[in-house]
Amino acid sequence: MTSTQTYPQQWARGMLVPGRATILDVESTNLDGSIIEICVLDAATGNPLLDTLVDPGEVPIHPDAYAVHGIAPADLIGAPGWSTVHKKLLAVTTGRVTLSYHSEFDKGRVLHDCARHSLDPAHLADPEMWGCIMRMRSQAEGTEKSIRLDGGHRARSDAAAARTVLLGIAEGTSAPSTTVNPATASHLPA
């Protein structure tokens with residue numbers, strides 16, 4: 001293993017220290033839309049810390065997004081709004097690094113919805129408090145291309161799949177997979 005490939009392994013092992021990190025995944029109304037589902041897992045244990053649908057208010061679900069995740073407007077009836085979810089999200093991520101398979105996308109959606117609702121993203125606005133599992137996986141596998149996450153395109157299954165990748169990086173067993181465009185890496189049909 002080269003030093004370029006050793007760093008991701010050390011990074012992943014560090015993220016698996018109890019209390020150090022969480023793994024977040026969101027599903028949205030569109031690639032540049034609002035969050036309609038979010039899951040946050042404890043990176044060390046895999047236990048869910050937050051797992052909920054989110055009512056996006058008047059933001060419609062784009063047909064292409066629906067085709068990927070299968071979440072319909074009827075599924076969101078009675079779901080909490082972003083203001084409620086935001087409080088819970090801050091509570092479960094405070095003091096931890098927030099990991100995501102495609103952190104640029106997930107962080108972007110979180111910050112988008114905070115701005116949309118005039119809410120302070122607090123530590124979630126700090127790029128140093130985010131980590132990208134896909135980027136580390138690509139580095140560990142010696143490629144500059146993004147690698148698809150085959151998690152099922154629901155927040156909890158994608159977060160669990162991202163954790164499996166993180167464990168593989170930590171063990172040095174991350175295996176090559178399909179390469180894709182990073183803008184849609186965790187949000188394309190399998």
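A residue counts as buried when its relative accessible area is under 20%, as exposed when that area is over 50%, and as partly exposed in between. The model is predicted. It holds 4 salt bridges, and those described below include Arg154 with Glu37, Arg96 with Asp42, and Arg137 with Glu141.

**Arg154 and Glu37**
- The side chains of Arg154 and Glu37 form a salt bridge with an N to O distance of 2.8 Å.
- This pair links distant parts of the chain, 117 residues apart: Arg154 is in the loop between strand S6 (146-147) and helix H6 (155-171), and Glu37 is in strand S2 (residues 35-42).
- Arg154 has a relative accessible area of 32%, so it is partly exposed.
- Glu37, at 6% relative accessibility, is buried.

**Arg96 and Asp42**
- Arg96 and Asp42 meet through their side chains in a salt bridge of 2.9 Å, N to O.
- Because Arg96 lies in the loop between helix H3 (82-93) and strand S4 (97-100) while Asp42 lies in strand S2, the pair ties together parts that are 54 residues apart in sequence.
- Arg96 is buried, its relative accessible area being 16%.
- Asp42 has a relative accessible area of 9%, which is under 20%, so Asp42 is buried.

**Arg137 and Glu141**
- In the salt bridge between Arg137 and Glu141, the closest N and O atoms are 3.3 Å apart.
- Arg137 is buried at 9% relative accessibility.
- Glu141 is buried as well, with a relative accessible area of 17%.

Terms used:
Residues are numbered from 1 along each chain as its sequence is written. This is a predicted model: local features need pLDDT of at least 70, side-chain atom pairs count only at pLDDT 80 or more; totals for chains, interfaces and linings use all residues. Side-chain values use heavy atoms; hydrogens and water are left out. Helices (H or I, at least four residues) and strands (E, at least two) are DSSP runs, numbered from the N terminus. Buried means under 20% relative accessible area, exposed over 50%, partly exposed in between (1.4 Å probe, protein chains only).
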